[in-house]
Every structure is written in C-alpha cells, then in structure tokens.
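I opened the notebook to go through this structure one topic at a time. Here is what I looked up, in the order I looked.

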Amino acid sequence: MNKPAILALEDGSVFHGTAIGADGLTSGEVVFNTAMTGYQEILTDPSYTRQIVTLTYPHIGNTGVNAEDVESGAIAAAGLVIRDLPLLASSFRSEQSLSDYLKGQNVLGIADIDTRRLTRILRDKGAQNGAILAGADAEGEDAVTRALEAAKAFPGLKGMDLAKVVSCQSPYAWSEGEWTLGQGYADAAGPDGKAERPFHVVAYDYGVKRNILRMLASRGCRLTVVPAQTPASEVMALNPDGIFLSNGPGDPEPCEYAITAIRELLETGVPVFGICLGHQLLALASGASSVKMKFGHHGANHPVQDLDSGQVMITSQNHGFAAEESTLPETLRATHRSLFDGTLQGIERTDRPAFSFQGHPEASPGPRDVAPLFDRFVTMMKERR
Ligand SMILES: NC(=O)CC[C@H](N)C(=O)O
C-alpha cells in the first residue's frame, strides 16, 4: 500500500505525494537537477549533503541501483523528489530497486508530485529551504503545518561549513583506477601496471567523489587522500608532486582552515588543481570572493566556454555558490565561463602553477569534453620536475 509523503517549502508551497524511501522527517535546501541519467551518482555525491534533490527527468529508478556507481560510501543527499518511480527496475547491472536503496540507507524520498511546478518555483524564487515528511509522520491534520515548520526551521546553506563534516577522519592511500592513460608515465616505462605511478598527489577530501580519484590514478598518480583540516605543513611533509582540492558540500567562505592551508601551499610552488568547492577555495585563498547563486547549476549538459580557445564544452555541474569574476585579483585570470548565465567556471593563477574548474570534469554523463583538465594537471607536475 502506498504511504503518503509531503514536501513543503519555506515560501509556503506544499506538495502531496507518495513515500518511496524511509519514513520520518528530513529538511534541507531544495535544488533541481536536470540530468537525465546518473541518479545514483547524484545521490551519493557528498556535495549534496543537506540538500534535497529534485530530478526534472520524470522517470527515475528505471535501471535500479548497483554497488559500482556510487561516488562515496553512502547516499549524501538529504532527500529525493521525483515525478514517477517505475514499477520495474530493468538493467543487467541492477542489484536493487531505488526504493529499497533509499529505505536501506534511511533516506526519505517523495514521488508522484508535479516536479515541473516545483522546478518553476525554484527557478523563479531561487533554491528554497524545505522539508519532506513521509509515512506515518505525513498523516494527521497537522502534518502540513509540521512540514512547513520544518522547512522554515532549516537554517540554509549560506555560512554552513560542511567540508570538514563529510571529510575522511584520517589519511588513506588510493590506487583504484587502472593506469592506462599516457600523460602520466615516466618516459621509459609504459602504463603496464608494473611500473610505479610517477606522481604523488595529495588530495584534500572536502567531500571527494571517487571518480575524481580514479581519473587521477588512471593518469599515473599515486594518491594520498587527507582530511579537510590537514595543515599545509603536514601535506608538504608527504612530499607531494601535486595538490588536489576536491569538490564538497556547503559554503566555501567559512572554510577558514582550508583557505589558510591553500594560501600556504600556493607559496611552495607545488602544482595545485581544484574542482568545484576546491575551485571556490582556490579563488578565496587567492583573494577573490564567492557568492550564493539564485538556484545554482545542477545538470549534465551545461555549455561552458574556454575563454582562451573559444571552444565550448558540454559539462556536468553541481554547485550553488560561485567565485565572482568581478572580484578576481591581479594574480587570478578567468579561463572559463558558463554560457547559461555568464558566471565564472574556471580560473588560473598567473604567478603559480595552480588552476581550477567549477564544473565536474570527472563526470561522464555522455560528454567527456572536460576530462583533459586532468591531463593539464599531470603536465604541470611533469614540467615542475
Ligand atoms: N560540487 C561542489 O563541490 C559544490 C561546491 C559548493 N558546495 C557549492 O554548492 O557551490
């Protein structure tokens, strides 16, 4: 039997639907993602911590879920909102239904609501704080009032430091990702899987997605992943060839520990590469400012222009904050811009081997246009030798 669920937004909007995950209450910032594929990667992307994600593609769950397509150890999103959950999951890779997956991880989901109406609200008014009530909690005369109260009680992501909350507790080595791509290997040895990977990269885990680590490993990087609050001195003691700044949830501005460490690391001249939150943190550490966007970028087909070559790339995106181009200091140069709204998508330091990208070059929802950015990082490490 179908169980009821309610989604409420801080603006007073209420949606009645069906519970497809765990019972109970969840709150967070409600955002919409326009990708047609990749719901499992989206749910497990740590950048979605404290966000309730609605997917604009109407049928979600068609291919079930499997143990391979996760970007982290567990679902990170605070809840899922969809139009329609198919009755049957059909794929040779499917191990579980989306509904059982949500329930097994105690994550709430709501289906059978008008996600187009919801998305219009989020586009017009901006991302909204919201709440889902599901199961017995969504019953009773006061259920709507309770949902609205929970939506209004969520403090919002502005000012929220979540990178250190989702980060790993202690350093670990990462080697998954077959070393197949040429750029990384020392001149004599090919990527035969026997030679030692030539570059040691220390990767800050602000909420890192696993495919980023695989992309680096497949280019000949040995990785040491370190907690978000690791001081610069400890990173330098590991003798890195390069430093990677990961994606992650929340507002970059309160991450003082990261901004301070990055500032110190930039002084050493070791190559630095940042993605998404890591990009925003590189900007802040270099003296630029960040802003909260109206509804952000969450999708898999966003056109981004390389300002040097003029080339337009189709990119995967997931961010609600942005480094502001008008605040870039002399030492930072804009390298990429979104063709949707003109916001900054890439920067490089003019005085240091450091660059970053706002979108997700590791995601491959079809297009792989931005993957060469990883090669650029490897080339930088090679050149520094
Ligand atoms: N994917 C990310 O790293 C997101 C960065 C940041 N939390 C934002 O929303 O802008």
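Entry 1: I began with helix α8 (residues 256–268) and helix α9 (residues 277–285), which pack at an angle of about 70 degrees with their axes 9 Å apart. That makes α8 roughly perpendicular to α9, a label that covers 65 to 115 degrees, while angles under 35 count as roughly parallel, over 145 as roughly antiparallel and the rest as oblique. For the angle, the axes are lines fitted to C-alpha atoms, for helices over the stretch in contact, and angles run from 0 to 180 degrees between N-to-C directions. Helices (H or I, at least four residues) and strands (E, at least two) are DSSP runs, numbered from the N terminus.

Which residues meet there? On the α8 side I found A258, I259, I262, R263 and L266, and on the α9 side L281, L282, L284 and A285. Contact here asks for C-beta atoms, placed from the backbone, within 7 Å. By class, the residues of this contact are eight nonpolar, no polar and one charged. The classes are set as follows: Ala, Val, Leu, Ile, Met, Phe, Trp, Tyr, Cys and Pro are nonpolar, Asp, Glu, Lys and Arg are charged, and the others, Gly among them, are polar.

**Entry 2: ground rules.** I noted that this is a predicted model, in which local features need pLDDT of at least 70, side-chain atom pairs count only at pLDDT 80 or more, and totals for chains, interfaces and linings use all residues. Residues are numbered from 1 along each chain as its sequence is written.

**Entry 3: the whole protein.** I counted up the secondary structure as ten helices and 17 strands. The C-alpha trace spans about 70 × 45 × 40 Å along its principal axes. With 385 residues, a compact globule would have a radius of gyration near 21 Å, and the protein agrees, at 21 Å. That radius is taken over C-alpha atoms, and the globule rule is 2.2 Å times the number of residues to the power 0.38. Buried residues make up 51% of the 385; buried means 20 or more other C-beta atoms within 10 Å of the residue's own, exposed means 12 or fewer, and partly exposed is in between, with C-beta atoms placed from the backbone. Among contacts between residues at least 6 apart in sequence, 76% join residues at least 24 apart.

**Entry 4: around the ligand.** What surrounds the ligand? I listed S47, N247, G248, P249, G250, C276, L277, N318, H319, G320 and F321, where near means a C-beta atom, placed from the backbone, within 6 Å. Strand β14 (residues 312–323) gives the largest share of this shell, four residues. The shell has four nonpolar, seven polar and no charged residues.

**Entry 5: Q317 in β14.** Staying on that strand, I looked at Q317, which lies in β14 and counts as buried because it has 23 C-beta neighbours inside 10 Å. Leaving aside neighbours within four places in sequence, Q317 is in contact with H297, H298, G299, H302, G359 and H360. Q317 and A363 are 46 residues apart along the chain, with their C-alpha atoms separated by 8.8 Å.

**Entry 6: covered helices.** Is α9 mostly covered or mostly open? I found it mostly covered, with nine of its nine residues buried. L277, from the ligand's surroundings, is among the buried residues of α9. After α9 comes G287, with a positive phi near 105 degrees.

Helix α6 (residues 210–217) is mostly covered too, with six of its eight residues buried: N211, I212, L213, M215, L216 and A217. These pack against β8 (172–174), β9 (199–205), β10 (221–227), β11 (242–245), β12 (272–275) and α10 (372–384). N211 has 20 C-beta neighbours inside 10 Å, so it counts as buried. Leaving aside neighbours within four places in sequence, N211 is in contact with E71 and E362.

**Entry 7: two positive phi values.** N106 is not a glycine, yet has a positive phi of about 60 degrees. I placed N106 in the loop between α2 (98–104) and β6 (109–111). D112, also not a glycine, has a positive phi of about 65 degrees and sits in the loop between β6 and α3 (115–125). N106 is partly exposed, with 13 other C-beta atoms within 10 Å; D112 is partly exposed, with 17.

Methods. Contact = placed C-beta atoms within 7 Å.
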